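Dear colleague,

I am passing on a structure for you to look through, and my notes on it follow below. Please open it alongside the text and read the two together.

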Amino acid sequence: MATLSTSGENQLLLMKKLRKIFSVKLSGIQGLPAFLPTLSNRYCHGLEGYLKKTYPLLSQTELDFCCLLAMGLSSADISFAYGFDHPATFYNKRYKIRKKMDISPSSDLESHLRNLSDQLEMIQKKAIKQGIEHRSLDPVIKIFDL
């Protein structure tokens, strides 16, 4: 766990590390490991905060789930992290999130979340260039008027 970086690392490399961790039995940890929400939100450039303000009906678990989807983790990896016993559980959670976010069935939830994350990244980079942003995600949220 200590080798996982919260900044400066390629998302694909991070996903490989997470999959390696998921492939090993996580003894003593039940459900979603505590470090994942923070790590995924950092890699998604504050997506959780944006979603929390924009879609207040989403629960904290659903916000974390959205960040993991935006990172590009597979359904198997996310299901393992959450301890879903049946594959339908993953798809039911996606369906409920889509309804709460009012995303049409023809749209892809993962693509929608990745696009939001990319937009947040561009805004964050712009803020850094303007000298607004330090290490916190709060300035990004302020730029979005959240």
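Helices (H or I, at least four residues) and strands (E, at least two) are taken as DSSP runs and numbered from the N terminus. On that basis the chain has eight helices and zero strands, and its elements run α-α-α-α-α-α-α-α from the N terminus on.

This is a predicted model, in which local features need pLDDT of at least 70 and side-chain atom pairs count only at pLDDT 80 or more, while totals for chains, interfaces and linings use all residues. Residues are numbered from 1 along each chain as its sequence is written, and side-chain values use heavy atoms, with hydrogens and water left out.

Of the 146 residues, 42% count as buried, meaning under 20% relative accessible area with a 1.4 Å probe, protein chains only. The largest nonpolar core has 28 residues, where a core is a set of buried Ala, Val, Leu, Ile, Met, Phe, Trp, Tyr and Cys residues joined through side-chain atoms within 4.5 Å. The elements giving two or more residues to this core are α2 (35–43), α3 (47–54), α4 (60–71), α5 (75–82), α6 and α7, and α4 gives the most, with eight residues. Among the residues with the most contacts inside the core are L51, M101 and L113; L51 touches both M101 and L113, contact being heavy atoms within 4.5 Å.

Best wishes

Note on methods. Buried < 20%, exposed > 50% of the residue type's maximum accessible area, 1.4 Å probe, protein only. Lists of a residue's contacts leave out its neighbours within four places in sequence.
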